[in-house]
Amino acid sequence: MRAELSVPPLSDLRERRSAKWRTYPADVLPLTVAEMDFGLAPTVKHALRAAVDRDDTGYSAAVPELGAAVARFAKDRWDWSVDPDAVVAVTDVGVGVVEVLRVLTRPGDAVVISPPVYPPFFDWAPETGARLLEAPLTSDYRLDLDALERAFATHPAAYVLANPHNPVGRVHTPAELAGLVRLAKIYRVAIVADEIHGPLALPGATFTPILTVPGAAEVAVSLVSASKAFNLAGLKCAAVVTGSHRMAEVVARFPPDGRWRTGHLGVIATVAAFTTGGDWLDQLLGTLDRRRTQLGELLATRLPQLSWTPPEATFLAWLDTSAIGPDDTARALFLERGRVAVEPGLRFGAAGAGHVRFNFATSAAIIDEATARMATALTG
Ligand SMILES: Cc1ncc(COP(=O)(O)O)c(C=O)c1O
């Protein structure tokens, strides 16, 4: 069995300047925003250090390295053949989705999403002048193809897919994605697939990139990034991938200035991650698998009031806290009495009431401490 990835001591984590470690007072354990506590992949760290050592902090020039790196990673991990020339750098996944929607929508058009879902999904379409139409996941957190068909029949411009799905950690199956593509073709709805968590399919699950689904390339674009799996969010680099002339035309209409808006260190780190980070990523996935098991055991013994379905992907646990109280009750108790911060479920849409999202990309010791404090918060 591979060694686990290590996490720096809490005192070092607290020195970090990122959002996760700056949002709460020092006595709070933050298990919120999707940053990881593990050290960086050594090859990524080396590439970043080398860039700083040569004072290489100007504008990014992603072509051709980024496309080649994405194509190599996609082929190695998922047997997905990507044309390196069909990979376009963007600042981050959020910017990429918004730019795609700007091209695909006119003011007042509808864009469909499936809550509970990553909070910015509620903001991206309105940012472009479009309006939201919700087709929630089913009660067991699968794509609801009937609800999607009803929504698509009203002729929205696009559907924003989370694949795998944050916060529920579901890896959509090839059959579900084929059903989605079929509907998209019938009703002429573009699919904008946010696949940022694709590299984080955990042992036991297989990620299916949307563009590997037969027929999808004509109607879908994919947004990929190394930023979740390699903890590079602050460096600002993601990519839009297309697989047909039709969808490449959408990307060709991005603002001409866009090429200056991607982080140079982000491109350098992403290329290193995608070309040399495979072994480290496997170690990460093994470590997260063990944390997922640990969390399940601790929830069962210390917090039996909570229920969950262990995620198939991501390092995020979607916990049902409704037995403790409605809406945001549990989260407030965990924070105020336990000094543990988790994401409020309501941020993920109305379906998130009575839930919290717990980030388990950290050490076994922090998970142990956090669950102990959460249990005390409920009895105290
Ligand atoms: C589903 C999903 N999309 C996008 C993002 C953010 O990506 P970026 O920082 O590249 O915009 C996250 C971050 O957690 C996410 O979970």
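Which residues form one aromatic cluster? In this predicted model, in which local features require pLDDT of at least 70, side-chain atom pairs count only at pLDDT 80 or more, and totals for chains, interfaces and linings use all residues, the cluster is formed by Phe73, Trp78, Trp80, Phe207 and Phe274. Residues are numbered from 1 along each chain as its sequence is written, and side-chain values use heavy atoms, with hydrogens and water left out. Across the whole structure, 11 aromatic pairs are found (ring centres of Phe, Tyr and Trp, the last by its six-membered ring, within 6.5 Å; planes under 30 degrees apart are stacked, over 60 edge-to-face, the rest tilted). Arg259 is placed over the face of Trp260, at 4.1 Å from the ring centre (NZ of Lys or CZ of Arg within 6 Å of the centre and within 35 degrees of the ring normal).

The protein contains 13 helices and 13 strands (DSSP runs of H or I with at least four residues, and of E with at least two, numbered from the N terminus). Of its 380 residues, 56% are buried (under 20% relative accessible area, 1.4 Å probe, protein chains only; exposed is over 50%, partly exposed in between).

Four strands make up an open sheet with antiparallel pairing, in the order S9-S10-S13-S12 (paired strands share at least two DSSP bridges). Strands S9 (307-308) and S12 (343-344) stand at the edges with a single partner strand each, so one side of each lacks a neighbour in the sheet. Five bridges join S10 (residues 316-320) to S13 (residues 355-359) in the antiparallel sense, and Trp318 stands opposite Arg357 in S13.
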